Amino acid sequence: MGRPRLSGGSCQSALGPAHRLPPALAPGQPRDNLCPLSLRDDLCAVAKMALSRLGCGRGGLHGGLLGVGPVTVPASWLRRVLRAPEPVPAWRALRHPACCLSTKTNPKAILAAVVSQFKYANGKYESFLERTFPRFYVLYSTFLKGCRTLFSEAKEIRRIKLNMSLKKIDFHQLPYREMERLRQFRRDLIKAIPIGLLALPPFANYLIFLLMYLFPRQLLIRHFWTPKQQFEFLNIYHGMRREVYPEIIDGLEQVTRFIADQQLRDQMQELCTKVQSGSHPEVAKLLAVRSLFVGHPLGLQRLRVWQVKALSRVLFLTPHLPIFVLRYRLRSHMLELQHLDQAMLKLGVSELSEEEVKMACYVRGLNSTHLSSSECQKWLKQWAKLSCELKDSEVSLLAHSMVLLSTNYLGAKE
């Protein structure tokens with residue numbers, strides 16, 4: 001069966017009375033008032049397209065397979081099919097491409113747009129808090145800053161631990177700054193774990209937040225302290241450990257009476273008297289009596305219970321533990337400080353920042369909140385010189401030196 005052709009009559013039947021095509025040109029008839037041939041072909045082609053869009057095949061013009069003859073299509077259908085597309089509204093053209101949920105849109109562009117809108121809204125919210133609630137804004141900004149700092153520090157600790165595992169190195173082989181970060185992070189973690197456990201029960205976190213607001217020194221770690229709170233809390237903690245300084249010095253003077261060597265007894269008596277009178281001892285005077293702090297009577301294993309507890313308070317260690325645990329913790333912390341001192345000398349005290357210098361002095365028994373950076377550096381060099389001269393068995397002298405070197409240092413007394 002041949003391919004059906006579209007005749008003029010069929011076109012007229014298909015287009016209906018509203019779209020009648022002019023009849024074929026008879027021989028000798030003038031062509032002025034008739035539709036040109038090219039226009040008639042174009043209209044037929046348009047009719048074909050319209051009928052195909054409506055579901056009619058080429059055979060549909062003559063009835064298709066049903067054989068019912070030509071099919072008349074209403075003019076309203078053709079007008080609906082052939083009408084020009086509606087213009088796009090102006091507001092839709094002005095929309096940002098990232099706001100259109102299209103499968104062709106780049107997901108990164110959508111994410112960037114969402115993050116940008118979030119930052120803008122957060123900035124507006126923070127400016128509102130700063131204007132309306134300035135005191136609450138200080139706490140809010142400190143909390144956000146503390147979270148960011150804690151998160152970045154956790155990532156740094158993970159990197160250090162991974163590096164230690166890959167290179168198979170120990171804690172004392174790390175650079176100074178990495179050793180100090182690990183040491184401080186462990187102490188912060190010990191303080192934060194009980195708070196996290198108390199917040200596990202349902203609705204207990206609201207109570208924890210209230211307690212953290214009321215008791216920030218006891219419950220919050222240093223990342224969530226404001227600068228004013230940090231200055232205040234460091235002075236409070238130093239005042240707590242300074243209470244045992246006279247007790248430790250009096251204990252040394254009492255033990256001096258039982259020293260058999262006359263020369264060592266006189267040197268130790270002179271050292272205690274000098275500190276009690278308000279003078280600052282020299283490092284050479286401390287090294288001269290180092291043998292007394294190895295075995296009897298001032299070795300770490302020979303110290304009395306009250307002396308061990310007092311030294312534990314100087315290092316901010318709890319004294320409410322069995323005596324063998326206190327001795328072990330005191331020894332491990334002093335060896336850790338000794339390794340830190342060796343790494344610090346390798347780096348150079350002058351290479352430390354002002355904050356690092358003051359924190360290093362504070363950890364070693366000196367209240368550095370009222371001292372300048374140069375005074376802290378001078379004291380820290382004296383301490384490092386003493387620490388690197390001592391052996392592991394002489395850590396008792398290093399622990400007592402935290403009191404002897406910091407009690408009367410220039411500007412350390414409040």
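## A pair within one helix

W379 and W383 both belong to helix α17 (residues 373-389), where a spacing of four residues places them about one helical turn apart. The structure discussed here is a predicted model. The rings of W379 and W383 form a stacked aromatic pair, with 5.8 Å centre to centre and 15° between the planes.

Are these two residues buried or exposed? W379 is buried, with a relative accessibility of 0%. W383 is likewise buried, at 0% relative accessibility.

The search of the whole structure finds four aromatic pairs. Another of them joins Y237 and F316 in an edge-to-face arrangement, with 6.0 Å centre to centre and an angle of 75° between the planes.

Which parts of the structure does this pair tie together? Y237 is located in helix α10 (residues 227-242), whereas F316 is in the loop between α14 (305-314) and α15 (323-347). The pair therefore ties together parts that are 79 residues apart in sequence. F316 has a relative accessible area of 32% and is partly exposed.

## An aromatic cluster and charges over rings

Y237 and F316 also belong to one aromatic cluster, together with Y362. Y362 has a further neighbour in R241, which lies over the face of its ring at 4.6 Å from the ring centre.

Conventions:
Residues are numbered from 1 along each chain as its sequence is written. This is a predicted model: local features need pLDDT of at least 70, side-chain atom pairs count only at pLDDT 80 or more; totals for chains, interfaces and linings use all residues. Side-chain values use heavy atoms; hydrogens and water are left out. Rings of Phe, Tyr and Trp (its six-membered ring) pair if their centres lie within 6.5 Å; planes under 30 degrees apart count as stacked, over 60 as edge-to-face and the rest as tilted. Helices (H or I, at least four residues) and strands (E, at least two) are DSSP runs, numbered from the N terminus. Buried means under 20% relative accessible area, exposed over 50%, partly exposed in between (1.4 Å probe, protein chains only). A charge sits over a ring if NZ of Lys or CZ of Arg is within 6 Å of the ring centre and within 35 degrees of the ring normal.
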